[in-house]
Amino acid sequence: MENREFFYRRLHSLLGVVPIGIFLIQHLVVNHFAVYGPESFNKAAHFMHDLPFRIVLEIFIIFLPIIFHAVLGVYIVFVAKNNVSRYGFFRNWMFYLQRITGIITLVFIVWHVWETRVQIGMGTEELDYSLMENILANPVMFWFYVLGVVSTTFHFANGLWSFLVSWGITVTPRSQKIATYATLLVFLAVTYIGIRALFAFV
Amino acid sequence: MAEEKLTLIVTRQDSPDSAPYEETFKVNYRKNMNIISALMETQKNPVNANGESVAPVQWESNCLEEVCGACSMVINGEPRQACSTLVDKLEQPIRIAPMSTFPVVRDLVVDRSRMFDSLKKVKAWIPIDGTHDLGPGPRMPEKKRQWAYELSKCMTCGVCLEACPNVNSKSDFIGPAPLSQVRLFNSHPTGEMNKSERLEALMEDGGLAGCGNSQNCVQVCPKGIPLTTSIAALNRDTNIQSFKNFFGSDNAH
């Protein structure tokens, strides 16, 4: 459709933060209960699982926004002609990494959803601590998950920086610079929560 | 006494459709040469490093003081103006190529029409013509004039488009320069009366949404124009405009 690009790009930016970013933090925080032991994790996971209208919540807060963000995101990756070798500026590297981590995150999410949510949905796996324990017992899968989590949290934190620009919140170079430091802290904090949870399963 | 020679490796192209090729020239060195005067030597004596007579190198230039934007080319990998690039500050041999974002007409001459088309598309002017004298326009605050003046330094040279990863053959993004001109004309008290028309042009395909915030433009702009500040300010303006358009507003003019 003609002249919908502006709307779609703004929607893409918004969905990345609300609801996907919010969901990401919630997901990693719930995972973090694994640090306090299997029972603690199972209790938190079952609380999420038993939320009322769970299917509706999953479809409208998780599945549809992520599918839209992923489809348009792959298109955005495709139309860029990266040039960090000629212009090695910090922001140009962030631009490049945002696209690389977007693709890694997409592959990771598809894999992760397949071996957890889809398997649980088909009844071949049970939602509990041992499901993740078994997956992460394989060192290859463990490091794939570490890469996937770091890639996701980077994409979220750097995406938050561009969200602030795309929505016209940070206009001056100074505010954009401070937003860089602030989103770096977000990256470190969210990564810590996510990685610590992974280590709790091994 | 043997004269000091300068080595130029020029990426040449005989016609818009022919294949590019590199040609080396040894030209006489003088103190304080710029790239234009070095290229002029290849016109005076169009003989390449192998001693063959060749067609003189073609390029565009006008003002020779970095205000017209005509002589942009890629010099030692960096897009910049040939007139303000001093030979004494460059590593040798000097590699000169046309900008890759624009279609090559011949040798170093590129066709920057797409930029002028974009300026038309975003209505980068102030309509004041009418059937009678409208009198003096509203006054402009001095502080605003000062930052708007910086935006008016744009010479449509194309360096920002050359450095932008989102300006390429796969994308229809118009690039940073015409975006910033919208901010310039919207900041003008008379131009502001047509603000929404320009913002709506920016919201069309290939407009502002094509920016991916790599911020290369502001790093390479030879005039130091705060292009990324303009883009962020326009993001705010277009978002507000789109809300006004959808929900309705008496202030959307």
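**Into which domains is chain B divided?**

Let's work through this together. Chain B is divided into domain 1 (5–110) and domain 2 (113–247); such bounds come from an automatic or database domain assignment. Before going on, note that this is a predicted model, where local features need pLDDT of at least 70, side-chain atom pairs count only at pLDDT 80 or more, and totals for chains, interfaces and linings use all residues. Residues are numbered from 1 along each chain as its sequence is written, while chains are lettered from A and ligands numbered from 1 in the order in which they are written.

**Exercise 1. Describe how the two domains of chain B meet.**

Step 1: start with the centres. The C-alpha centres of domain 1 of chain B and domain 2 of chain B are 31 Å apart.

Step 2: count the residues in contact. Domain 1 of chain B gives twelve residues and domain 2 of chain B gives eleven residues. Here, two residues are in contact if their C-beta atoms, placed from the backbone, lie within 7 Å.

Step 3: look at the domain 1 side. Its largest share, three residues, comes from S4(B). By type, this side has five nonpolar, five polar and two charged residues. Ala, Val, Leu, Ile, Met, Phe, Trp, Tyr, Cys and Pro count as nonpolar, Asp, Glu, Lys and Arg as charged, and the others, Gly among them, as polar.

**Exercise 2. Trace the five-strand open sheet in chain B.**

Step 1: write down the order. It is S2-S1-S5-S3-S4 (chain B), with mixed pairing. Strands (E, at least two residues) and helices (H or I, at least four) are DSSP runs, numbered from the N terminus, and two strands pair if DSSP finds at least two bridges between them.

Step 2: find the edges. Strand S2 (21–28) and strand S4 (78–81) of chain B each pair on one side only.

Step 3: follow strand S1 (residues 5–12) of chain B. Eight bridges join S1 to S2(B), and the two run antiparallel. In S2(B), Lys26(B) is the bridge partner of Thr7(B), and Asn28(B) is that of Lys5(B). S1(B) also pairs with S5(B), in the parallel sense, over three bridges; there, Leu8(B) has Ile94(B) as its bridge partner in S5(B).

**Exercise 3. Find where chain A touches chain B.**

Step 1: 26 residues of chain A are in contact with 25 residues of chain B.

Step 2: on the chain A side, helix H1 (5–17), helix H4 (54–79), helix H5 (90–122) and helix H7 (139–166) of chain A are the elements that give two or more residues.

Step 3: sort that side by type, and you get eleven nonpolar, nine polar and six charged residues.

**Exercise 4. Explain why Leu127(A) counts as partly exposed.**

Step 1: locate Leu127(A) in the loop between H5 and helix H6 (129–137) of chain A.

Step 2: name the neighbours. Not counting residues up to four places away in sequence, Leu127(A) touches Ala45(A), His49(A) and Ile120(A).

Definitions and conventions. Buried ≥ 20, exposed ≤ 12 C-beta atoms within 10 Å, placed from the backbone.
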